[in-house]
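This report goes through the contacts between chains and the side-chain pairs within them. The sequence and structure come next.

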Amino acid sequence: MLKQVHTPKDPALEPLLHPEQASGFVSPAEDYLEGRLSILERLVKDPVNTYYAEADSDELSALGICKGTLFVYDTSMKATHNALVVLWYQGEWKVRQYHVLGKHVYLGTGKENEEPELVSEELLIRGVVTWSCRPHQHKPKCYVRPR
Amino acid sequence: MFALVDANNFYVSCERLFRPELNTRPVVVLSNNDGCAISRSNEAKALGIKMGVPYFQIKALVAQHHIAIFSSNYTLYADISARIMNNLARFSPEVEVYSIDECFLGLTGISNLPNYAQTLRSTVVRNTGIPVSVGIAPTKTLAKLANKLAKKSPSGICVIQSEEEITSALSNFPIGDLWGIGRAYHKKLALENVFTAAQLRAQSPAWVKHMLTIQGLRLYHELWGRPCIPLKEVLDRKQGICTSRSFGKLTNKLEELIEATTAYTSRLAEKLRADKSCATLLHVQLLTNRFRTDLPQYNPYISLPLAHPISNTPDLVKAAIGGVKALYSPRYQYSKVMVMATGLIP
(Lines give C-alpha, C1' and ligand atoms only; values in the text may rest on other atoms or scores of the structure.)
Protein backbone atom coordinates (compact mmCIF):
# COMPACT_ATOMS: atom_id res chain seq x y z
CA MET A 1 0.00 0.00 0.00
CA LEU A 2 1.01 3.62 -0.02
CA LYS A 3 3.92 4.39 2.24
CA GLN A 4 4.34 7.76 3.85
CA VAL A 5 7.73 9.39 3.68
CA HIS A 6 8.51 10.24 7.31
CA THR A 7 11.29 10.75 9.84
CA PRO A 8 11.45 8.03 12.48
CA LYS A 9 11.74 8.77 16.23
CA ASP A 10 15.01 7.84 17.85
CA PRO A 11 14.33 6.23 21.27
CA ALA A 12 17.99 6.74 22.25
CA LEU A 13 17.48 10.49 22.10
CA GLU A 14 14.05 10.45 23.72
CA PRO A 15 14.33 7.97 26.56
CA LEU A 16 11.29 9.50 28.30
CA LEU A 17 8.89 9.13 25.40
CA HIS A 18 6.33 7.36 27.60
CA PRO A 19 7.06 8.22 31.24
CA GLU A 20 3.81 6.64 32.40
CA GLN A 21 5.17 3.20 31.54
CA ALA A 22 7.11 3.15 34.83
CA SER A 23 4.09 3.60 37.08
CA GLY A 24 1.49 1.93 34.94
CA PHE A 25 -0.74 5.00 35.24
CA VAL A 26 -1.34 7.44 32.45
CA SER A 27 -0.66 11.01 33.48
CA PRO A 28 -3.77 13.23 33.33
CA ALA A 29 -1.55 15.82 31.67
CA GLU A 30 -1.49 13.51 28.64
CA ASP A 31 -4.86 14.95 27.59
CA TYR A 32 -3.19 18.30 27.02
CA LEU A 33 -0.17 17.08 25.07
CA GLU A 34 0.22 18.63 21.68
CA GLY A 35 2.50 17.69 18.85
CA ARG A 36 6.07 18.75 19.47
CA LEU A 37 7.42 21.67 17.45
CA SER A 38 8.83 20.16 14.34
CA ILE A 39 11.31 21.95 12.09
CA LEU A 40 10.43 19.47 9.34
CA GLU A 41 6.83 20.61 9.23
CA ARG A 42 8.05 24.15 8.71
CA LEU A 43 10.68 23.30 6.09
CA VAL A 44 9.00 20.54 4.13
CA LYS A 45 5.78 21.40 2.39
CA ASP A 46 5.56 18.27 0.25
CA PRO A 47 7.48 15.34 1.79
CA VAL A 48 6.85 13.16 -1.27
CA ASN A 49 8.88 15.41 -3.55
CA THR A 50 11.40 16.83 -1.09
CA TYR A 51 15.05 15.82 -1.12
CA TYR A 52 18.13 17.05 0.72
CA ALA A 53 21.66 17.91 -0.33
CA GLU A 54 24.75 19.25 1.41
CA ALA A 55 27.13 21.94 0.17
CA ASP A 56 30.70 20.66 -0.05
CA SER A 57 32.41 23.99 -0.77
CA ASP A 58 32.20 27.72 -0.02
CA GLU A 59 31.47 28.67 -3.68
CA LEU A 60 28.16 30.28 -2.79
CA SER A 61 29.53 32.32 0.13
CA ALA A 62 28.10 35.48 -1.43
CA LEU A 63 24.64 34.00 -0.86
CA GLY A 64 25.48 33.19 2.75
CA ILE A 65 25.96 29.52 2.01
CA CYS A 66 29.05 27.84 3.45
CA LYS A 67 30.44 24.33 3.35
CA GLY A 68 28.14 21.95 5.25
CA THR A 69 24.97 23.92 4.52
CA LEU A 70 21.98 21.65 4.12
CA PHE A 71 19.71 22.32 1.17
CA VAL A 72 16.05 21.35 1.20
CA TYR A 73 14.82 21.12 -2.37
CA ASP A 74 11.55 20.34 -4.05
CA THR A 75 11.50 18.49 -7.38
CA SER A 76 7.89 19.34 -8.18
CA MET A 77 8.56 23.08 -8.43
CA LYS A 78 9.36 24.74 -11.74
CA ALA A 79 12.62 26.67 -11.94
CA THR A 80 11.83 30.35 -12.39
CA HIS A 81 14.03 33.41 -12.96
CA ASN A 82 16.38 34.04 -10.00
CA ALA A 83 15.45 30.81 -8.21
CA LEU A 84 18.16 28.79 -6.48
CA VAL A 85 18.19 25.42 -8.24
CA VAL A 86 19.85 22.00 -7.84
CA LEU A 87 21.20 20.94 -11.21
CA TRP A 88 23.54 18.61 -13.05
CA TYR A 89 25.85 20.51 -15.35
CA GLN A 90 29.21 19.59 -16.87
CA GLY A 91 29.36 16.27 -15.03
CA GLU A 92 28.69 17.63 -11.55
CA TRP A 93 25.84 18.33 -9.12
CA LYS A 94 25.66 22.08 -8.44
CA VAL A 95 23.46 24.61 -6.73
CA ARG A 96 23.21 27.85 -8.72
CA GLN A 97 21.10 30.93 -9.15
CA TYR A 98 19.04 30.43 -12.26
CA HIS A 99 18.64 33.41 -14.58
CA VAL A 100 16.55 33.46 -17.73
CA LEU A 101 17.16 36.27 -20.22
CA GLY A 102 15.23 35.87 -23.43
CA LYS A 103 16.17 32.47 -24.87
CA HIS A 104 19.36 32.19 -22.82
CA VAL A 105 19.87 30.65 -19.43
CA TYR A 106 22.62 31.82 -17.07
CA LEU A 107 23.92 30.26 -13.86
CA GLY A 108 25.27 32.50 -11.14
CA THR A 109 26.95 32.13 -7.76
CA GLY A 110 25.79 35.50 -6.45
CA LYS A 111 29.29 37.05 -6.41
CA GLU A 112 29.28 40.72 -7.39
CA ASN A 113 32.52 40.65 -9.36
CA GLU A 114 31.52 37.53 -11.31
CA GLU A 115 29.35 37.44 -14.43
CA PRO A 116 26.77 34.61 -14.49
CA GLU A 117 27.84 31.77 -16.77
CA LEU A 118 25.95 31.25 -20.04
CA VAL A 119 24.61 27.69 -20.32
CA SER A 120 26.05 26.10 -23.45
CA GLU A 121 25.78 22.38 -22.68
CA GLU A 122 22.99 20.05 -21.64
CA LEU A 123 21.50 21.10 -18.31
CA LEU A 124 19.46 18.83 -16.05
CA ILE A 125 17.41 20.60 -13.40
CA ARG A 126 16.60 18.40 -10.42
CA GLY A 127 14.68 20.80 -8.20
CA VAL A 128 14.29 24.20 -6.61
CA VAL A 129 15.90 24.95 -3.25
CA THR A 130 13.18 25.96 -0.79
CA TRP A 131 15.33 26.33 2.32
CA SER A 132 18.98 26.15 3.25
CA CYS A 133 20.11 25.40 6.78
CA ARG A 134 23.51 26.74 7.70
CA PRO A 135 25.65 25.27 10.46
CA HIS A 136 27.16 27.70 12.97
CA GLN A 137 29.24 25.19 14.87
CA HIS A 138 31.70 23.02 13.12
CA LYS A 139 31.30 19.92 15.22
CA PRO A 140 27.74 19.73 16.46
CA LYS A 141 27.65 17.80 19.74
CA CYS A 142 24.57 16.23 21.09
CA TYR A 143 24.16 14.92 24.62
CA VAL A 144 22.81 11.41 24.79
CA ARG A 145 21.88 10.03 28.20
CA PRO A 146 24.03 6.97 28.88
CA ARG A 147 22.06 3.78 29.41
CA MET B 1 -11.14 3.00 -17.68
CA PHE B 2 -7.90 1.78 -16.12
CA ALA B 3 -4.38 3.11 -16.33
CA LEU B 4 -1.25 1.05 -15.70
CA VAL B 5 1.81 3.11 -14.89
CA ASP B 6 5.09 1.22 -14.95
CA ALA B 7 8.61 2.53 -14.31
CA ASN B 8 11.07 1.71 -17.10
CA ASN B 9 14.01 -0.48 -15.96
CA PHE B 10 13.15 0.65 -12.44
CA TYR B 11 16.24 -0.35 -10.43
CA VAL B 12 18.59 0.96 -13.12
CA SER B 13 16.63 4.23 -13.31
CA CYS B 14 16.93 4.62 -9.51
CA GLU B 15 20.71 4.16 -9.69
CA ARG B 16 20.93 6.68 -12.52
CA LEU B 17 18.89 9.24 -10.60
CA PHE B 18 21.86 10.43 -8.55
CA ARG B 19 24.48 9.52 -11.17
CA PRO B 20 23.32 11.18 -14.42
CA GLU B 21 26.71 10.51 -16.02
CA LEU B 22 25.48 6.91 -16.40
CA ASN B 23 22.53 7.98 -18.58
CA THR B 24 24.38 7.06 -21.76
CA ARG B 25 26.25 4.02 -20.44
CA PRO B 26 24.92 0.45 -20.21
CA VAL B 27 23.94 -0.26 -16.57
CA VAL B 28 23.08 -3.55 -14.85
CA VAL B 29 21.76 -4.07 -11.30
CA LEU B 30 22.51 -7.42 -9.65
CA SER B 31 20.38 -9.40 -7.19
CA ASN B 32 21.28 -10.00 -3.52
CA ASN B 33 24.94 -10.90 -3.03
CA ASP B 34 25.54 -10.08 -6.70
CA GLY B 35 24.07 -13.31 -8.05
CA CYS B 36 22.17 -12.43 -11.24
CA ALA B 37 21.26 -9.46 -13.42
CA ILE B 38 17.78 -8.29 -12.34
CA SER B 39 17.50 -4.89 -14.01
CA ARG B 40 19.12 -3.75 -17.24
CA SER B 41 19.24 -0.44 -19.04
CA ASN B 42 18.17 -0.42 -22.71
CA GLU B 43 21.86 -0.24 -23.71
CA ALA B 44 22.58 -3.37 -21.65
CA LYS B 45 19.57 -5.18 -23.18
CA ALA B 46 20.92 -4.29 -26.63
CA LEU B 47 24.21 -5.98 -25.71
CA GLY B 48 22.24 -9.21 -25.24
CA ILE B 49 22.24 -9.36 -21.43
CA LYS B 50 19.18 -11.40 -20.53
CA MET B 51 17.00 -11.06 -17.42
CA GLY B 52 18.25 -13.26 -14.57
CA VAL B 53 21.54 -14.24 -16.17
CA PRO B 54 24.22 -15.08 -13.53
CA TYR B 55 26.86 -12.39 -13.09
CA PHE B 56 29.87 -14.65 -13.79
CA GLN B 57 28.48 -15.44 -17.26
CA ILE B 58 28.55 -11.77 -18.29
CA LYS B 59 31.83 -10.73 -16.62
CA ALA B 60 33.71 -10.66 -19.94
CA LEU B 61 30.97 -8.57 -21.57
CA VAL B 62 31.01 -6.15 -18.64
CA ALA B 63 34.75 -5.51 -19.02
CA GLN B 64 34.56 -5.27 -22.82
CA HIS B 65 31.69 -2.77 -22.99
CA HIS B 66 32.50 -0.82 -19.84
CA ILE B 67 29.12 -1.70 -18.28
CA ALA B 68 28.33 -0.07 -14.93
CA ILE B 69 27.42 -2.74 -12.36
CA PHE B 70 25.46 -2.11 -9.16
CA SER B 71 24.55 -4.30 -6.21
CA SER B 72 20.88 -3.92 -5.40
CA ASN B 73 19.97 -1.18 -2.93
CA TYR B 74 16.39 -1.99 -1.93
CA THR B 75 16.23 0.81 0.63
CA LEU B 76 16.69 3.32 -2.18
CA TYR B 77 14.26 1.54 -4.53
CA ALA B 78 11.53 1.32 -1.87
CA ASP B 79 11.87 5.04 -1.10
CA ILE B 80 11.74 6.08 -4.76
CA SER B 81 8.82 3.69 -5.32
CA ALA B 82 6.86 5.29 -2.46
CA ARG B 83 7.51 8.72 -3.96
CA ILE B 84 6.25 7.58 -7.39
CA MET B 85 3.13 5.91 -5.95
CA ASN B 86 2.26 8.94 -3.80
CA ASN B 87 2.59 11.22 -6.82
CA LEU B 88 0.28 8.89 -8.79
CA ALA B 89 -2.24 8.73 -5.94
CA ARG B 90 -2.76 12.48 -6.36
CA PHE B 91 -4.25 11.79 -9.77
CA SER B 92 -6.96 9.32 -8.81
CA PRO B 93 -8.62 8.15 -5.60
CA GLU B 94 -8.61 4.56 -6.90
CA VAL B 95 -5.09 3.17 -6.67
CA GLU B 96 -3.75 -0.36 -6.69
CA VAL B 97 -0.02 -0.59 -6.08
CA TYR B 98 0.64 -3.77 -8.04
CA SER B 99 4.38 -4.13 -7.48
CA ILE B 100 7.39 -2.02 -6.56
CA ASP B 101 7.34 -0.36 -9.98
CA GLU B 102 3.77 -0.81 -11.26
CA CYS B 103 0.51 0.82 -10.29
CA PHE B 104 -3.07 0.58 -11.56
CA LEU B 105 -5.30 3.65 -11.40
CA GLY B 106 -9.07 3.65 -11.82
CA LEU B 107 -10.17 6.53 -14.05
CA THR B 108 -13.72 7.81 -14.21
CA GLY B 109 -15.12 10.88 -15.87
CA ILE B 110 -12.04 12.00 -17.76
CA SER B 111 -12.81 13.34 -21.22
CA ASN B 112 -9.43 13.82 -22.89
CA LEU B 113 -7.51 10.67 -21.96
CA PRO B 114 -4.40 11.15 -24.16
CA ASN B 115 -3.96 14.61 -22.69
CA TYR B 116 -4.46 13.24 -19.17
CA ALA B 117 -1.93 10.46 -19.75
CA GLN B 118 0.59 13.01 -20.98
CA THR B 119 0.13 15.20 -17.87
CA LEU B 120 0.35 12.17 -15.59
CA ARG B 121 3.54 10.98 -17.21
CA SER B 122 5.30 14.34 -17.35
CA THR B 123 4.40 15.11 -13.71
CA VAL B 124 5.84 11.83 -12.44
CA VAL B 125 8.92 12.17 -14.61
CA ARG B 126 9.57 15.73 -13.43
CA ASN B 127 8.86 15.09 -9.73
CA THR B 128 10.75 11.84 -9.36
CA GLY B 129 13.20 11.80 -12.27
CA ILE B 130 12.19 8.20 -13.10
CA PRO B 131 10.95 7.52 -16.67
CA VAL B 132 7.55 5.80 -16.67
CA SER B 133 5.19 4.40 -19.32
CA VAL B 134 1.43 4.85 -19.17
CA GLY B 135 -1.10 2.48 -20.73
CA ILE B 136 -4.82 3.32 -20.60
CA ALA B 137 -7.67 1.00 -21.66
CA PRO B 138 -11.18 -0.13 -20.63
CA THR B 139 -9.90 -3.20 -18.67
CA LYS B 140 -6.86 -4.05 -16.55
CA THR B 141 -5.66 -6.70 -19.03
CA LEU B 142 -5.86 -4.23 -21.91
CA ALA B 143 -4.19 -1.51 -19.79
CA LYS B 144 -1.32 -3.91 -19.19
CA LEU B 145 -1.14 -4.55 -22.93
CA ALA B 146 -1.34 -0.83 -23.70
CA ASN B 147 1.56 -0.30 -21.30
CA LYS B 148 3.69 -2.80 -23.26
CA LEU B 149 2.93 -0.83 -26.42
CA ALA B 150 3.65 2.47 -24.63
CA LYS B 151 7.15 1.19 -23.79
CA LYS B 152 7.86 0.98 -27.53
CA SER B 153 6.43 4.36 -28.43
CA PRO B 154 8.60 7.49 -28.09
CA SER B 155 5.87 9.37 -26.20
CA GLY B 156 5.75 6.70 -23.48
CA ILE B 157 1.96 6.63 -23.51
CA CYS B 158 -0.65 4.47 -25.25
CA VAL B 159 -4.42 4.91 -24.97
CA ILE B 160 -6.73 2.19 -26.31
CA GLN B 161 -10.38 3.25 -26.28
CA SER B 162 -12.50 2.36 -29.30
CA GLU B 163 -13.33 -1.09 -30.73
CA GLU B 164 -11.02 -0.43 -33.68
CA GLU B 165 -8.14 0.58 -31.43
CA ILE B 166 -8.54 -2.60 -29.38
CA THR B 167 -8.68 -4.77 -32.50
CA SER B 168 -5.57 -3.26 -34.02
CA ALA B 169 -3.63 -3.43 -30.72
CA LEU B 170 -4.43 -7.15 -30.38
CA SER B 171 -3.74 -8.09 -34.00
CA ASN B 172 -0.01 -8.75 -33.69
CA PHE B 173 0.36 -8.92 -29.94
CA PRO B 174 2.23 -12.12 -28.95
CA ILE B 175 0.10 -14.31 -26.68
CA GLY B 176 3.01 -14.97 -24.28
CA ASP B 177 3.19 -11.27 -23.38
CA LEU B 178 -0.43 -11.15 -22.19
CA TRP B 179 -1.09 -10.64 -18.48
CA GLY B 180 -1.79 -14.06 -16.98
CA ILE B 181 -0.37 -16.20 -19.79
CA GLY B 182 2.68 -17.94 -18.38
CA ARG B 183 5.12 -20.29 -20.04
CA ALA B 184 2.92 -23.39 -19.63
CA TYR B 185 -0.20 -21.79 -21.16
CA HIS B 186 1.94 -20.24 -23.88
CA LYS B 187 3.11 -23.72 -24.95
CA LYS B 188 -0.37 -25.19 -24.68
CA LEU B 189 -1.85 -22.46 -26.88
CA ALA B 190 0.99 -22.68 -29.43
CA LEU B 191 0.06 -26.36 -29.93
CA GLU B 192 -3.45 -25.17 -30.85
CA ASN B 193 -2.03 -22.63 -33.31
CA VAL B 194 -2.95 -19.64 -31.15
CA PHE B 195 -0.06 -17.19 -31.31
CA THR B 196 -1.56 -13.71 -30.97
CA ALA B 197 -4.04 -12.06 -28.63
CA ALA B 198 -6.42 -11.55 -31.57
CA GLN B 199 -6.42 -15.30 -32.31
CA LEU B 200 -7.27 -16.07 -28.68
CA ARG B 201 -10.11 -13.55 -28.75
CA ALA B 202 -11.52 -15.15 -31.91
CA GLN B 203 -12.13 -18.45 -30.05
CA SER B 204 -15.38 -19.35 -28.31
CA PRO B 205 -15.70 -18.64 -24.56
CA ALA B 206 -16.28 -22.36 -23.88
CA TRP B 207 -13.05 -23.30 -25.66
CA VAL B 208 -11.09 -20.67 -23.72
CA LYS B 209 -12.53 -21.88 -20.41
CA HIS B 210 -11.68 -25.46 -21.33
CA MET B 211 -8.08 -24.54 -22.19
CA LEU B 212 -7.28 -21.88 -19.59
CA THR B 213 -9.84 -22.41 -16.77
CA ILE B 214 -11.98 -19.64 -15.31
CA GLN B 215 -8.99 -17.27 -15.06
CA GLY B 216 -8.55 -17.54 -18.81
CA LEU B 217 -12.22 -16.82 -19.36
CA ARG B 218 -11.87 -13.60 -17.36
CA LEU B 219 -8.89 -12.71 -19.53
CA TYR B 220 -11.00 -13.42 -22.62
CA HIS B 221 -13.79 -11.05 -21.53
CA GLU B 222 -11.22 -8.43 -20.60
CA LEU B 223 -9.80 -8.65 -24.13
CA TRP B 224 -13.29 -7.85 -25.41
CA GLY B 225 -13.27 -4.72 -23.25
CA ARG B 226 -15.55 -6.09 -20.50
CA PRO B 227 -13.94 -5.47 -17.09
CA CYS B 228 -13.81 -8.67 -14.99
CA ILE B 229 -10.83 -8.00 -12.76
CA PRO B 230 -11.56 -5.20 -10.27
CA LEU B 231 -9.01 -2.91 -8.66
CA LYS B 232 -7.64 -4.38 -5.45
CA GLU B 233 -7.36 -1.47 -3.08
CA VAL B 234 -7.07 -3.49 0.13
CA LEU B 235 -4.22 -5.95 0.51
CA ASP B 236 -4.93 -9.65 1.04
CA ARG B 237 -3.62 -11.16 4.24
CA LYS B 238 -0.17 -12.54 3.65
CA GLN B 239 -0.14 -16.26 2.85
CA GLY B 240 3.45 -16.83 3.81
CA ILE B 241 6.57 -14.90 4.72
CA CYS B 242 9.96 -15.94 3.45
CA THR B 243 13.58 -14.90 3.91
CA SER B 244 16.19 -16.43 1.70
CA ARG B 245 19.52 -15.09 0.64
CA SER B 246 22.62 -16.52 -0.95
CA PHE B 247 25.88 -16.44 0.96
CA GLY B 248 28.84 -14.49 -0.36
CA LYS B 249 30.69 -17.76 -0.94
CA LEU B 250 29.97 -21.50 -0.95
CA THR B 251 30.24 -23.36 2.35
CA ASN B 252 29.87 -26.87 3.72
CA LYS B 253 30.40 -25.99 7.39
CA LEU B 254 27.48 -26.65 9.69
CA GLU B 255 28.36 -23.71 12.01
CA GLU B 256 28.22 -21.26 9.12
CA LEU B 257 24.87 -22.63 7.95
CA ILE B 258 23.49 -22.35 11.49
CA GLU B 259 24.79 -18.80 11.75
CA ALA B 260 23.08 -17.78 8.50
CA THR B 261 19.86 -19.59 9.43
CA THR B 262 19.77 -17.80 12.79
CA ALA B 263 20.16 -14.42 11.09
CA TYR B 264 17.48 -15.12 8.45
CA THR B 265 15.06 -16.58 10.98
CA SER B 266 15.39 -13.55 13.28
CA ARG B 267 14.60 -11.35 10.29
CA LEU B 268 11.65 -13.60 9.48
CA ALA B 269 10.37 -13.33 13.06
CA GLU B 270 10.64 -9.53 12.81
CA LYS B 271 8.58 -9.60 9.61
CA LEU B 272 5.97 -11.83 11.28
CA ARG B 273 5.61 -9.48 14.23
CA ALA B 274 5.38 -6.45 11.95
CA ASP B 275 2.54 -8.22 10.14
CA LYS B 276 0.94 -9.07 13.52
CA SER B 277 0.74 -12.77 12.65
CA CYS B 278 2.00 -16.06 14.06
CA ALA B 279 3.25 -19.04 12.08
CA THR B 280 2.06 -22.59 12.50
CA LEU B 281 4.42 -24.15 9.96
CA LEU B 282 8.10 -23.45 9.31
CA HIS B 283 9.90 -24.58 6.15
CA VAL B 284 13.67 -24.80 5.79
CA GLN B 285 15.58 -25.54 2.62
CA LEU B 286 19.31 -25.76 1.91
CA LEU B 287 20.38 -25.03 -1.65
CA THR B 288 23.54 -25.65 -3.62
CA ASN B 289 24.55 -23.31 -6.44
CA ARG B 290 22.57 -24.50 -9.49
CA PHE B 291 24.85 -22.63 -11.89
CA ARG B 292 27.90 -24.59 -10.71
CA THR B 293 27.13 -27.62 -12.83
CA ASP B 294 30.60 -29.00 -11.99
CA LEU B 295 29.52 -29.57 -8.35
CA PRO B 296 27.03 -32.16 -7.06
CA GLN B 297 23.57 -30.65 -6.49
CA TYR B 298 21.50 -31.13 -3.33
CA ASN B 299 18.44 -29.14 -2.34
CA PRO B 300 16.90 -30.86 0.69
CA TYR B 301 13.70 -29.47 2.15
CA ILE B 302 11.86 -29.95 5.43
CA SER B 303 8.55 -28.69 6.84
CA LEU B 304 8.38 -28.34 10.59
CA PRO B 305 4.92 -28.12 12.22
CA LEU B 306 5.10 -25.83 15.23
CA ALA B 307 3.44 -26.91 18.48
CA HIS B 308 1.85 -23.47 18.99
CA PRO B 309 1.42 -20.55 16.61
CA ILE B 310 4.44 -18.36 17.37
CA SER B 311 6.25 -15.24 16.21
CA ASN B 312 9.01 -15.02 18.83
CA THR B 313 12.61 -15.17 17.69
CA PRO B 314 14.13 -17.80 20.08
CA ASP B 315 11.52 -20.49 19.40
CA LEU B 316 11.56 -19.96 15.63
CA VAL B 317 15.37 -19.99 15.56
CA LYS B 318 15.43 -23.18 17.62
CA ALA B 319 13.02 -24.88 15.22
CA ALA B 320 14.91 -23.67 12.13
CA ILE B 321 18.28 -24.85 13.48
CA GLY B 322 16.72 -28.24 14.20
CA GLY B 323 15.66 -28.32 10.56
CA VAL B 324 19.11 -27.42 9.25
CA LYS B 325 20.72 -30.12 11.39
CA ALA B 326 18.27 -32.68 10.04
CA LEU B 327 18.99 -31.70 6.44
CA TYR B 328 22.73 -31.15 6.66
CA SER B 329 25.22 -33.34 4.85
CA PRO B 330 28.90 -32.26 4.72
CA ARG B 331 29.37 -33.62 1.20
CA TYR B 332 27.88 -30.59 -0.57
CA GLN B 333 28.79 -26.93 -1.03
CA TYR B 334 25.78 -24.80 -0.10
CA SER B 335 25.09 -21.37 -1.50
CA LYS B 336 21.75 -20.48 0.04
CA VAL B 337 19.35 -21.10 2.91
CA MET B 338 15.64 -20.42 2.64
CA VAL B 339 13.39 -20.07 5.70
CA MET B 340 9.66 -19.66 5.20
CA ALA B 341 6.71 -19.36 7.58
CA THR B 342 3.21 -20.39 6.45
CA GLY B 343 -0.13 -21.19 8.00
CA LEU B 344 -0.22 -17.62 9.27
CA ILE B 345 -2.89 -16.67 11.75
CA PRO B 346 -3.49 -13.21 13.20
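Across the interface of chain B and chain A there is one salt bridge. Its partners are A:D46 and B:R90, whose closest N and O atoms are 2.7 Å apart. The model is predicted, and side-chain atom pairs count only at pLDDT 80 or more.

**The interface**

Eight residue pairs, both members at pLDDT 80 or more, are in polar contact across the interface of chain B and chain A. On the side of chain B that touches chain A, the elements giving two or more residues are helix 4 and helix 5 (113–128) of chain B. Helix 4 of chain B provides the largest share of that side, with eight residues.

In terms of contacts, 20 residues of chain B meet 17 residues of chain A. The two chains bury about 1800 Å² between them, and 53% of this is on carbon and sulfur atoms. Of the area that chain B buries against chain A, 31% is supplied by B:R83, B:N86 and B:N127, more than by any other three residues.

**Salt bridges**

Over all chains, the structure holds 10 salt bridges.

| Salt bridge | N to O distance |
|---|---|
| B:R19 and B:E21 | 2.9 Å |
| B:K144 and B:E102 | 2.4 Å |
| B:R267 and B:E270 | 3.1 Å |

In the salt bridge of B:K144 and B:E102, the N to O distance is 2.4 Å. B:K144 lies in helix 6 (residues 140–152) of chain B and B:E102 in strand 6 (residues 102–106) of chain B, so this pair ties together parts that are 42 residues apart in sequence. B:K144 is buried, because its relative accessible area of 16% falls under 20%. B:E102 is buried as well, with a relative accessible area of 11%.

B:R267 and B:E270 are three residues apart in helix 11 (residues 254–274) of chain B, which means that about one helical turn separates them. B:R267 is partly exposed at a relative accessible area of 37%, and B:E270 is partly exposed at 43%.

For the pair of B:R19 and B:E21, which meet in a salt bridge, the relative accessible area is 35% for B:R19 and 37% for B:E21. B:R19 counts as partly exposed, and so does B:E21.

**Aromatic rings and charges over rings**

A pair of aromatic rings is described by the distance of the centres and the angle of the planes. Over all chains, the count of aromatic pairs comes to 14. One of them is the tilted pair of B:F10 and B:Y11, with 5.9 Å from centre to centre and 55° between the planes. Both of these residues, B:F10 and B:Y11, are buried.

How are the rings of B:F10 and B:Y77 paired? Their planes are at 65° and their centres 6.5 Å apart, so the pair is edge-to-face. This pair links distant parts of the chain: B:F10 is in helix 1 (residues 10–17) of chain B and B:Y77 in helix 4 (residues 74–89) of chain B, 67 residues apart. B:F10 and B:Y77 are both buried. Ring pairs join B:F10, B:Y11, B:Y74 and B:Y77 into a cluster.

Charged side chains also lie over rings. In chain A, A:R126 is over the face of A:Y51, at 5.3 Å from the ring centre. In chain B, the charged end of B:K140 sits over the ring of B:F104, 4.7 Å from its centre.

Technical notes
Residues are numbered from 1 along each chain as its sequence is written. Chains are lettered from A and ligands numbered from 1 in the order in which they are written. This is a predicted model: local features need pLDDT of at least 70, side-chain atom pairs count only at pLDDT 80 or more; totals for chains, interfaces and linings use all residues. Side-chain values use heavy atoms; hydrogens and water are left out. Rings of Phe, Tyr and Trp (its six-membered ring) pair if their centres lie within 6.5 Å; planes under 30 degrees apart count as stacked, over 60 as edge-to-face and the rest as tilted. Buried means under 20% relative accessible area, exposed over 50%, partly exposed in between (1.4 Å probe, protein chains only). Helices (H or I, at least four residues) and strands (E, at least two) are DSSP runs, numbered from the N terminus. A charge sits over a ring if NZ of Lys or CZ of Arg is within 6 Å of the ring centre and within 35 degrees of the ring normal. Contact means heavy atoms within 4.5 Å. Buried area is the accessible area (1.4 Å probe) that two parts lose on being put together, summed over both. A salt bridge is a side-chain nitrogen of Lys or Arg within 4 Å of a carboxyl oxygen of Asp or Glu. A polar contact is a pair of N or O atoms within 3.5 Å; within protein, one must be able to donate a hydrogen and the other to accept it, and residues adjacent in sequence count only if both atoms are side-chain atoms.
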